[in-house]
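Subject: Structure handover

Hello,

Here is the structure I said I would pass on. My notes follow below it.

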Amino acid sequence: MSRPRATTGPAGARAERRAARRAHADYTGGVYGSMLAASVVIGAGSLGAFPRAELVLLLLLTGVVFWGAHVHAQLFGARLAQRAPDRRVALDVCRDEWPIVKATVPPAAAVAVSPLLGLDVRGALWLALRVAVAGQVGWSVAAAHRAGASPRLMAATASVNLVLGLLIISFKIVLKH
């Protein structure tokens, strides 16, 4: 039986903080970012001369803007009322909210590779939308699993997020662009 190594000094403290963050990982930003990406795709009806490049940029930049908004809200909303944020707190909040941006990458990548799959721009939009919804479901199941949820609860969160994703897809069908 192996014994855990004792960690000392600044490197040990950093390793312990990283382990604690992983143990308490919050996937809310990933679910939110996936929903955001799906919403961006349904709203992207009138793209210009370079529609794929514009959609990739729109997805990624929207993720970054919303990440910044969430960081700002965390630092200057709830946390400022408790105490002034220091550099470490600011970096922790930036890291905690980063899944919002990470969740926009797969749909953006789907758009980027869509020509290799022989898809036109409309096909690329549908592919990105499917990838975003799959990400939304995946992030929610990962969160439930990480929290130790039962298989029944993991299925429930997957179902709820799938219904929300299908609702977003229905908006795309109704908007017809």
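Which residues form a nonpolar patch on the surface? Val160, Leu164, Leu167, Phe171 and Leu175 do, and together they have about 430 Å² of accessible area. Patches are made of residues with over 30% relative accessible area and no salt bridge, with like charges joined within 9 Å and nonpolar side chains (Val, Leu, Ile, Met, Phe, Trp, Tyr) within 5 Å. Areas come from the Shrake-Rupley method with a 1.4 Å probe, and for residues only the protein chains shown count as cover. Leu164 lies in helix H8 and counts as partly exposed because its relative accessibility is 31%; buried means under 20%, exposed over 50%, and partly exposed in between (1.4 Å probe, protein chains only).

This is a predicted model: local features need pLDDT of at least 70, side-chain atom pairs count only at pLDDT 80 or more, and totals for chains, interfaces and linings use all residues. Residues are numbered from 1 along each chain as its sequence is written, and side-chain values use heavy atoms, leaving out hydrogens and water.

Overall fold: the protein chain has eight helices and zero strands. These are DSSP runs numbered from the N terminus (helices H or I, at least four residues; strands E, at least two). Of its 177 residues, 33% count as buried.

Core: the largest nonpolar core has 21 residues, of which Val41, Leu55, Leu59, Val111 and Leu129 touch the most other members. Helices H2 (28–43), H3 (51–82), H6 (105–113), H7 (121–146) and H8 (151–175) each supply at least two of its residues. Such a core is a set of buried Ala, Val, Leu, Ile, Met, Phe, Trp, Tyr and Cys residues joined through side-chain atoms within 4.5 Å. Beyond four places in sequence, Val111 is in contact (heavy atoms within 4.5 Å) with Arg52, Leu55, Val56, Leu59, Ala124 and Ala128.

Ser140: this residue lies in helix H7 and counts as buried because its relative accessibility is 5%. Not counting residues up to four places away in sequence, Ser140 touches Val31, Thr157, Ala158 and Asn161.

Salt bridge: the count comes to one (a side-chain nitrogen of Lys or Arg within 4 Å of a carboxyl oxygen of Asp or Glu). Asp92 pairs with Arg95, the closest N and O atoms being 2.9 Å apart. The two are three residues apart in helix H4 (residues 87–97), so about one helical turn separates them. Arg95 counts as partly exposed, at 40% relative accessibility.

Regards
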